[in-house]
Amino acid sequence: MNSPVDPGARQALRKKPPERTPEDLNIIYSYLHGMEILSNLREHQLRLMSTRARYERYSGNQMLFCSETIARCWYILLSGSVLVKDSMVLPPCSFGKQFGGKRGCDCLVLEPSEMIVVENSKDNEDSILQREIPARQSRRRFRKINYKGERQTIIDGVDINNYLSLPADLTKMHLTDNPHPQVTHVSSSQSGCSIASDSGSSSLSDIYQATESEVGDVDLTRLPEGPVDSEDEEEEEEEIDRTDPLQGRDLVRECLEKEPADKTDDDVEQLLEFMHQLPAFANMTMSVRRELCSVMVFEVVEQAGAVILEDGQELDSWYVILNGTVEISHPDGKIENLFMGNSFGIVPTLDKQHMHGAVRTKVDDCQFVCIAQQDYWRILNHVEKNTHKVEEEGEIVMVHEHRELDRSGTRKGHIVIKATPERLIMHLIEEHSIVDPTYIEDFLLTYRTFLETPLDVGIKLLEWFKIDNLRDKVTRIVLLWVNNHFNDFEGDPAMTQFLEEFERNLEDTKMNGHLRLLNIACAAKAKWRQVVLQKASRESPLHFCLTGGSEKGFGVFVEEVESGSKAADAGLKRGDQVMEVNGQNFENITLAKALEILRNNTHLALTVKTNIFVFKELLSRTEQEKSGVPHIP
């Protein structure tokens with residue numbers, strides 16, 4: 001097996017942490033820094049991880065960990081595959097409990113696999129996935145507006161405990177999607193493409209949500225269907241709720257009060273997490289939001305009734321309300337109320353602009369962020385430099401946005417923000433940048449919103465499978481699809497047929513390892529379904545054929561379903577294993593007995609389960625017996 005790990009990094013990771021030199025730690029850091037799965041972690045987190053990570057290689061068919069054991073580490077899968085509860089984990093992916101506690105399920109290594117093992121922090125140590133909370137060393141600067149509308153700049157020396165915090169729960173605040181008419185929201189693109197897709201994988205909040213909220217032993221950024229190893233999930237969430245909100249609000253306030261020149265990458269990420277929830281920023285691209293967060297200034301109005309802007313006053317800023325309510329009294333007598341998340345002020349031009357109406361606060365402690373006119377115009381009017389439009393036959397079919405995950409310039413690339421359905425499908429097999437590592441998972445989760453049928457994707461995957469250099473990539477896409485969204489297959493006869501054809505292709509190309517993984521995923525994900533049929537009389541035909549039975553060493557399977565029949569309409573399909581009929585167990589019953597029960601009842605409540613690969617083995621056994629060929633299991 002060719003190792004995906006750089007030899008130098010592997011050698012450094014194999015050393016015991018106390019024996020690692022500064023050069024070893026730099027080698028490990030550089031390797032972790034280049035991994036897509038860790039692209040949303042900041043430098044201090046990767047540096048800490050470099051001191052606790054180690055390289056391990058495991059053989060196939062061995063238990064990695066068992067249920068109820070203490071989680072002393074978590075894992076980054078580099079090659080191979082593992083089975084965690086009912087989910088197959090494929091590289092690159094992380095899994096395991098990052099915050100200790102008891103594990104809720106077993107983990108089986110399916111094939112020879114390489115992993116980076118990261119030790120969990122002890123009680124007296126900092127957690128890798130926690131935000132860095134340094135003591136304030138930068139200049140503290142923000143503006144206060146008194147009752148008369150006079151602005152006062154506050155610098156260091158004010159007690160940090162004397163001010164009110166930002167709102168903790170934005171969902172409890174009054175939000176409205178109607179922007180003030182004086183504000184122009186710039187969309188991510190002005191192209192005429194019909195479908196938009198934003199993977200949203202660049203915010204630091206994504207990795208915290210994937211590791212702190214409802215994750216057990218599976219990383220939900222890769223396996224979004226549901227959490228596992230989370231039997232103590234409620235206790236884990238309670239611990240987070242006790243410690244995080246107040247700390248998070250104070251962090252945002254600290255970041256807002258810093259001079260723009262003093263804001264670090266972590267400060268900007270912290271502000272992005274907060275600001276992306278506000279309607280004023282909803283239609284902006286990530287790069288625009290990031291730049292606005294880097295230059296915004298914090299402003300506080302302590303008393304209700306204070307005049308922020310007079311009617312006819314020259315405007316020099318764009319304002320977004322973070323807390324409180326303001327009232328705009330228009331010259332025609334109309335009164336307009338704006339709430340948290342709304343904006344007012346300039347539009348993105350350098351022309352002189354004046355306020356139409358007077359703006360007053362309605363409650364105490366109104367808080368705003370302000371963007372100076374020059375910055376607002378520069379950022380919003382230079383958005384085109386961060387987008388790249390792909391044209392075919394004179395029409396725009398895809399729009400990329402350039403994103404940088406840090407200011408060092410080493411983590412940058414393009415992310416798809418808009419495209420036609422056909423181009424989104426094509427992008428599945430194209431190279432994905434470090435800022436968009438989860439495009440395939442995002443596509444499989446969202447394609448239902450812009451495609452009429454998943455078979456459109458299936459047909460293209462079968463075509464691409466015939467191309468040698470695309471075969472491994474296509475197989476990975478199908479494995480992810482089956483593992484994360486098996487309902488797409490077991491509820492659709494056409495997709496079941498696609499799966500059969502794909503399985504035949506794996507057999508023909510002798511990709512036995514991938515075929516085994518596909519079998520495992522299908523067997524783990526298939527669920528029992530209820531199919532209810534009503535016959536007019538006992539003599540009425542069933543409109544489906546069965547095969548198998550205990551005499552052949554198999555269960556009872558549906559071999560064919562008559563197209564357009566009531567059985568087909570009820571969801572019965574080829575490859576279904578009949579588990580029960582009217583409460584009677586069919587798992588160990590002869591075919592003759594099964595047919596007798598089905599024919600002697602007019603009301604049939606069938607419990608079935610998709611088991612296409614055991615069904616294929618049954619058909620293979622039957623063909624061998626007919627040909628007189630000895631059976632080879």
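How are helices α14 and α15 oriented to each other, roughly parallel or roughly antiparallel?

Let us take the angle. Helix α14, residues 493–508, packs against helix α15, residues 512–525, at an angle of about 150 degrees. Their axes are 9 Å apart. Angles over 145 degrees count as roughly antiparallel, and α14 and α15 are therefore roughly antiparallel to each other. On the α14 side, the contact is made by Leu499, Phe502, Glu503, Leu506 and Glu507. On the α15 side, His514, Leu515, Leu518 and Cys522 take part. Sorted by class, this contact of α14 with α15 has six nonpolar residues, one polar residue and two charged residues.

Helix α14 has another contact, with helix α11, residues 455–465. Here the axes come within 10 Å and cross at roughly 10 degrees. Because angles under 35 degrees count as roughly parallel, α11 is roughly parallel to α14. From α11, the contact involves Leu455, Gly458, Leu461, Leu462 and Phe465. From α14, it involves Ala494, Met495, Phe498, Glu501, Phe502, Asn505 and Leu506. These residues divide into nine nonpolar, two polar and one charged. Please note Phe502 and Leu506 of α14: they belong to the contact with α11, and they also belong to the contact with α15.

How confident is the prediction? The protein averages a pLDDT of 78, and 77% of the residues score at least 70. Confidence is highest in α11, at 95, and lowest in helix α4, residues 204–212, at a mean of 31. The pLDDT is also below 50 over residues 133–138, a stretch with nine contacts in the model beyond its near neighbours in sequence. Residues 158–164 likewise have a pLDDT below 50, and this stretch too has nine such contacts.

I now turn to a sheet. It is an open sheet of four strands, in the order β11-β16-β13-β14, with antiparallel pairing. Which strands stand at the edges? They are β11, residues 307–309, and β14, residues 335–338. Each has a single partner strand, so one side of each is left without a neighbour in the sheet. On average, neighbouring strands of this sheet are turned by 30 degrees against each other, direction ignored. The partner of β11 is β16, residues 358–361, and the two pair in the antiparallel sense over two bridges. Within this pairing, Val307 stands opposite Arg360 in β16.

Next, the aromatic rings. The count comes to 18 aromatic pairs. In one of them, the rings of Phe344 and Phe368 have their centres 6.1 Å apart and their planes at 90 degrees, so the pair is edge-to-face.

Finally, the backbone. Most residues other than glycine have a negative phi, and most peptide bonds are trans. Glu68, which is not a glycine, has a positive phi of about 75 degrees. Glu68 is found in the loop between β2, residues 62–65, and β3, residues 73–84. The peptide bond from Pro91 to Pro92 is cis, with omega near -5 degrees. Pro92 lies in the loop between β4, residues 87–89, and β5, residues 93–95.

Technical notes. Residues are numbered from 1 along each chain as its sequence is written. This is a predicted model: local features need pLDDT of at least 70, side-chain atom pairs count only at pLDDT 80 or more; totals for chains, interfaces and linings use all residues. Side-chain values use heavy atoms; hydrogens and water are left out. Axes are lines fitted to C-alpha atoms, for helices over the stretch in contact, and angles run from 0 to 180 degrees between N-to-C directions. Angles under 35 degrees count as roughly parallel, over 145 as roughly antiparallel, 65 to 115 as roughly perpendicular and the rest as oblique. Contact means heavy atoms within 4.5 Å. Ala, Val, Leu, Ile, Met, Phe, Trp, Tyr, Cys and Pro count as nonpolar, Asp, Glu, Lys and Arg as charged, and the others, Gly among them, as polar. Two strands pair if DSSP finds at least two bridges between them. pLDDT is the predictor's confidence in each residue, from 0 to 100. Rings of Phe, Tyr and Trp (its six-membered ring) pair if their centres lie within 6.5 Å; planes under 30 degrees apart count as stacked, over 60 as edge-to-face and the rest as tilted.
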